[in-house]
Amino acid sequence: MTATLIETTSLRRPEKPARRRGPRSSGRPGRFGDNLTGYGFLCAALICFALFSWYPIIRGVLLSFQQVDFVNPATWVGWANFQKLFADPLFAVAWRNTLYFTLLALVFGFAIPFVVAMVINEFRHAKGFFRLVVYLPVMLPPVVTALLWKWFYDPGPGLFNTLLHAVNLPGLSWLDSSSTSMLSLVLVSTWANMGSATLIYLAALGGIPGELYEASELDGATIWQRVRYITIPHTRFVLLVMMLLQIVATMQVFTEPYVMTGGGPEDSTVTVLLLLYRYAFVYNDFGTASAMSLLLFLALGAFSALYLRLTRTRG
Amino acid sequence: MNRTLLSDNQLRTLHGRLGYWVVFSCAFIAFAVAFVLPFVWMLLGAMKSAPELAHVPPTILPEQWHPETYSDAWSFMELAKYFGNTVMIAGGAWLVQLAVDVPAAYALSKLRPVLGNWILGLMLATLMLPASALLVPTYLTITDVPVVHTNMINQPGAIWLPAAANAFNIYLLKRFFDQVPGELIEAATIDGAGRITTMVRVVLPLSRPILAVVSIFAIVAAWKDFIWPLLVLPDPGAQTLSVALNRFAPDTPINLLLAGLVLASIPMVAVFLVFQRQILAGLTAGSLKG
């Protein structure tokens, strides 16, 4: 169920399965025996996938058109779940909030790690320190980060307003005002997640052949020209893939609003997943929640498919 | 060292050296404020008394040090129980993932049964789905598992088994096994080793790097996970640290809560400090070169 870091960061394309089969060892069980052992090794995984991945996928689609609760047997209701969703004023609010979160997260979470990685990459000292501390927040459980930052955001004795006051700026109301609540969530989420993007960009930058920079320097290219014509073209693929992954991840934001704001103030941080959670686990309306999952899948499917296409077809 | 954007010569000029140290110091200070201060502030905050924490503006160092808050928090929130639960859940998720995914990847790579490529394709296709789109149907499956008709709510299996259906693990492992030369396996077979012996004694020892990466990420993911344990472990006695801390947060004095947050973070920070190399390798595992 968890999207682990590693799951979200593989950019390498899967290999084409080899057509040629390996030489069979003689004297061992033949084709039939091979298949038997093969499926013996596979059976646990097949059961896990069938029960907790493939079956739920099909069931999720069916549930979207059913009325389901724990009391009555499921009944077919056609498009009623979708109609109910579209009639719910919070539904549009949740999508708007989520898109706003995704957009803000792109502004911060996409640009900052790349710039940070480029700067760190030029350093001749203490690179290890930078790499270490930027990744530390990634290791914190998201609930710990959310609760910790909730305390930082406290308008009274909180760390952030104290820092703002220290440099003679007025304090903000952070999570308590509907105009800054979403921004506050984006800041936490960027702080917590930018470490992995930064390290991936650093690795990509490290892979750019040094001769290119040398040659361009001899040709009289300025620093900006080198960034524009060498650094960016060489990292464009990684940048694009990371952007797609980030969009898919941020559209599913849940822990921060659930722990820090509960959707408030004034529904300003109700996200798609938070509303989905409410439908399923507060109102026990699993059909409508599934309809929402289906819509979320359709919205993100395009990005996922593009990501898979890119990582598969890149030569 | 590989040549980067700026050359060493450029940095050696007076201008270059000045610019370098200005940027370096600014970056150092910015990083210290952004990534070190929050941790220090949390550690210090946990050692202040609750009334002191309500002060505006806050004190920097505790007026009176209360290191005993950590042990108070430990007993107040019964953290021993939740640490135990989390260790059991994360450890179990790790073992189950290895036990299920390693043989599967081995079969797909080396035994190649009929339809193997189809199965791999169906597994990889699940990566296209956003995890949250499956939340509801998987939850309902857990409450009434097909065929056996058991309710796995509040049981660790509710976390372990779905975690094992991890296409990315299988993909990573299979890709590594693909690189193990077939001659080694043939040689083992000629020496009379069975399929299982060959995998355990010949292939797995060679695969330690990828097993380390898969293991670390399995444990870290299980430790960090929130939404799934929140759904399938409603019984307070069965919950993980993350779920329990979130439940305690509203009615726990802030100093105790902070101490709890510190304690819950220590294992993961320790894992990072010890396994930095493997984690970095995992992050970039073949991620950059096609």
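## Domains of chain B and chain A

Chain B splits into domain 1 (8-71) and domain 2 (79-251), with bounds that come from an automatic or database domain assignment. Taken over C-alpha atoms, the centres of these two domains of chain B are 39 Å apart. For chain A, the assignment gives domain 1 (34-61) and domain 2 (90-313), and here 34 Å separate the two centres, again over C-alpha atoms.

A word on what you are looking at: this is a predicted model, in which local features need pLDDT of at least 70, side-chain atom pairs count only at pLDDT 80 or more, and totals for chains, interfaces and linings use all residues. Residues are numbered from 1 along each chain as its sequence is written, while chains are lettered from A and ligands numbered from 1 in the order in which they are written.

## What UniProt lists

An unreviewed UniProt entry lists "domain: ABC transmembrane type-1" at residues 83-275 of chain B. Over that stretch chain B is 74% helix and 0% strand, and the end C-alpha atoms lie 21 Å apart. In chain A, UniProt places the feature "domain: ABC transmembrane type-1" (unreviewed entry) at residues 95-307; this stretch is 77% helix and 0% strand, with 22 Å between its end C-alpha atoms. The positions follow the numbering used here, feature names are shortened, and annotations may be inferred rather than shown by experiment.

## The overall form of chain B

Chain B has 15 helices and 0 strands; helices (H or I, at least four residues) and strands (E, at least two) are DSSP runs, numbered from the N terminus. Its radius of gyration is 25 Å, well over the 19 Å that the globule rule gives for 290 residues, so chain B is more spread out than a compact globule. That radius is taken over C-alpha atoms, and the rule is 2.2 Å times the number of residues to the power 0.38. Along the principal axes, the C-alpha atoms of chain B fill a box of roughly 75 × 65 × 35 Å.

Of the 290 residues of chain B, 42% count as buried (20 or more other C-beta atoms within 10 Å of a residue's own; exposed means 12 or fewer, partly exposed in between, with C-beta atoms placed from the backbone).

## Where the chains meet

The contact between the chains takes 97 residues from chain B and 104 residues from chain A; two residues are in contact if their C-beta atoms, placed from the backbone, lie within 7 Å. Helix α15 (residues 254-283) of chain B gives the most to the chain B side, with 11 residues.

## Core and a buried glycine

The largest nonpolar core has 160 residues, and Ala93(B) and Leu261(B) have the most contacts inside it. Such a core is a set of buried Ala, Val, Leu, Ile, Met, Phe, Trp, Tyr and Cys residues joined through C-beta atoms within 7 Å. Beyond its neighbours within four places in sequence, Ala93(B) is in contact with Ile159(B), Trp160(B), Ala163(B), Ala218(B) and Ala222(B).

Over in chain A, Gly287(A) lies in helix α12 (residues 286-313) and is buried, with 26 other C-beta atoms within 10 Å. Its C-alpha atom is separated by 8.7 Å from that of Leu62(A), 225 residues apart along the chain.

## Two positive phi angles

Ala126(A), in the loop between α3 (89-122) and α4 (127-139) of chain A, has a positive phi of about 55° although it is not a glycine. Asp267(A) has a positive phi of about 60° and is not a glycine either; Asp267(A) is found in the loop between α10 (255-261) and α11 (272-282) of chain A.
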